[in-house]
Amino acid sequence: MIPELGHFALIIALLLALTQAILPLYGAQRGNFTLMAVARPAAQGQFVFVAVAFACLAYSFLTNDFSVENVARNSFSQLPEVYRFTATWGSHEGSLLLWVLILGFWSTAVSVFSRRLPEDMAARVIGVMGLISVGFLAFLLTTSNPFERLLPAAIDGNDMNPLLQDWGMIIHPPMLYMGYVGFAVAFAFAIAALLSGKLDVAWARWSRPWTTVAWAFLTLGIVLGSWWAYRELGWGGWWFWDPTENASFMPWIAGTALMHSLAVTEKRGAFKAWTVLLALVTFALSLLGTFLVRSGVLSSVHAFATDPARGAFILGFLAVVIGASLALYAWRAPKMITGGGFTWFSRESLLLANNVILIAALGAVLLGTLYPLFMDAMGLGKISVGPPYFNAVFVPLMAPALFLMGIGPLARWKEASLPDLATRLKWALGVALAAGLLLPLTLDGFNPWASLGFFLAVWIALTVLAAFRDRLRHGQGSAMRKLAGLPRSFWGMQLAHLGIAVGVAGIAVVANYSAERDVRMEVGSHAELAGYTFTFRGAAAHDGPNYRAARGTVEVSRDGKPVATLHPEKRVYNASGMGMTEASVHPNVFRDLYVAMGEPLDGSDGAWTVRLFYKPFINWLWFGALLMVAGGFMAAADKRYRIALRRREVPQHLAAQGA
Amino acid sequence: MKPRHRKLALIVLVVAALGVAVALVLNAFNSNLVFFFSPTQVANGEAPTGRAFRIGGLVEAGSVRREADGLTTRFVVTDTARSIPVAYTGILPDLFKEGKGVVAEGRLGTDGLFDATQVLAKHDENYMPPEAASAIEQAQKAQQTIVE
């Protein structure tokens, strides 16, 4: 009964999405305010019904209703309750339902926070989001119904993939989707602006907070995924340049470029056509990411062919969205008037450089991700493009970008003076160079890449300080009052840039000074790694709710003093019979000690192969990323987005009084 | 400089930067492509000797042996027609099993032993690495044509 209710709710949601798309868009074109007014209630209603459907699916998972195929495939009666709930979005169907739910959430958010937008703009934005909803709901209902019944019902489920049974994976997909789908708002604003022809500074100002919030969520989602992979895959790596990772990284790069380009459009009225194009591209890449991960094309182009309905639908949808928006762009963009000019050295030109580099990086990732798929699909042979390619491309591209990142925020708009900036940043450059040369010596020997990383990290951190010093020099009052008076967008930007500095420092160390050893350990034997002594105390049976495990005990000491006792596990899950390595990590500010169990060795008493890692500064990476996320949210909360909207409200009130 | 010239200079600068980036990307791309060969192709001498590549197929049943050091494993990868001996030092992924699909990256030694630097296994028990699946498929197709 409940699954049918969910299915029915999805159908109603589709009808509401159609209403939300067609009537307001038509109304906005005709200037019909009655039709435009349909947008908000339709969007909110659609959200409610998708939420009902989602709740029905979650209920089926929580109550172990194995007569629902999706539940039988992806859950298990012994699965702990929290994972039964997260299994709701563990499957293909469920994760698409989550996608639509989050789109509904964003649409509703736009409907609530757009009260001060001109009526036709709000109607168009919500209408475009309705169109996207229609596409995804139709996809769900026609090819991926999450409520499909299984007759006869299964006795028990197949269990959730053990790798997903981790709390990092509980919040990773929702956060990632909040980011992906959040770019739909920027996309909808861009399409609305193209449709109305009113591509002005106000448009950039409306889009900016939404884009920044989506970007912050996407950053958080990517970091959670990376953190999960680090702990859960047992390989000690945090980024593999795997196509599934690249699928989320590409919209992130485009979104980062969009955020910076929007800044120029809002402040100076320049780059309009480019910014609109970026907004379209960013969302198109979000869709491409969904397509890559959800169509099965990554595991094999043949898997894609075995379920042609699904793949063809997403590919068709992708083609329609990208084709239509680019056609609209080609038709409308040439009519846009470009705003203020600028000289070769100004904040605009530096942000332009930022965009050029980011787009080059985006192209490189796109090539490395899609080319093997293309070759395979054409039957031209199988190739793979591994981390060496991406590393070889990324470091030289990002190094100049990071260097310019230090200068950009200090340069004036329109025209900046190079000699002036040079005098102001001389000391920062000197200190950063010294740090780059000396800091690696405090670690395990000199390394040119670590040196470059330190130089850039210290350089960015110092330029952030310089920006604050600049702001504190001017104006009256105490330093504290002045700091408190700085706009949130300024704080947000500096915080995010500082996050990059912290993250770059972390990457520089962890990529160059990590140590790892695969060792054979008998009970009571020792192994040395990076000055730590690891002592194996044997493994014992330790069973969980839905798995059996061998749980090892490894004592770590340094100079005879105990540091930690780690308990890595080797699990075998009951339902799937799948083995899994559960690593054990002892973190602190300067390093992680990481132990993963290999295999028990035959013929020797209780000996195992064990993998030991020493990961210096790895936590700087996560912390830097969290600073970026916090910076994004803070920048989006800037007062000016609200004040600017209120100011526009005044004439409307006067107009209403006059009428 | 006139504004028009300045704009032109800016465009030239951007195009030049993009050109450098593209050259860098393509160069890195070219030198880091890893090609895939099936055991049959390797046996026919189609695989390069000086360059790393990937092989895939099934881990032949009964072929997995652990050396005395406890860390080096030797096994045989087969596409059901031909097979290659492989050596790998380190901890194998959880899903490495006899009779299951596997993909390994490494170099081919002059003695015909494939020295693997990486053994890949994906996150799902029932999942066959696509390279391995296609190697077996092609070997079987080839055998069928011989029989016919």
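How many residues does the contact take from chain A and from chain B? It takes 39 residues from chain A and 31 residues from chain B. Two residues are in contact if their C-beta atoms, placed from the backbone, lie within 7 Å.

This is a predicted model: local features need pLDDT of at least 70, side-chain atom pairs count only at pLDDT 80 or more, and totals for chains, interfaces and linings use all residues. Residues are numbered from 1 along each chain as its sequence is written, while chains are lettered from A and ligands numbered from 1 in the order in which they are written.

**Where the chains meet**

On the side of chain A that touches chain B, α14(A) gives the largest share, seven residues. Other elements giving two or more residues to that side include α15 (387–407) and β8 (579–582) of chain A. Helices (H or I, at least four residues) and strands (E, at least two) are DSSP runs, numbered from the N terminus. By class, this side has 17 nonpolar, 18 polar and four charged residues. Here Ala, Val, Leu, Ile, Met, Phe, Trp, Tyr, Cys and Pro count as nonpolar, Asp, Glu, Lys and Arg as charged, and the others, Gly among them, as polar.

**Strand pairs**

Strands pair if DSSP finds at least two bridges between them.

| Strands | Bridges | One bridge partner pair |
|---|---|---|
| β1(A) and β1(B) (residues 33–37) | three bridges | A:I383 and B:F35 |
| β2(A) (residues 515–521) and β11(A) | seven bridges | A:R520 and A:T609 |
| β10(A) (residues 591–600) and β11(A) | eight bridges | A:Y594 and A:F613 |

Strand β11(A) covers residues 608–616. Eight of its nine residues are buried, so β11(A) is largely enclosed by the rest of the structure. A residue is buried if 20 or more other C-beta atoms lie within 10 Å of its own, exposed if 12 or fewer, and partly exposed in between.

A nonpolar core is a set of buried Ala, Val, Leu, Ile, Met, Phe, Trp, Tyr and Cys residues joined through C-beta atoms within 7 Å. The largest one holds 187 residues, and A:A184 and A:A186 touch the most other members. Helix α8(A) (residues 167–196) gives the most to this core, with 18 residues. Apart from it lies another core, of 28 residues, including B:L58 and B:I136. Not counting residues up to four places away in sequence, the contacts of A:A186 include A:W210, A:L258 and A:F283.

Helix α6(A) (residues 92–113) is mostly covered too: 18 of its 22 residues are buried.

Conventions:
Expected span 1.5 Å × (residues − 1).
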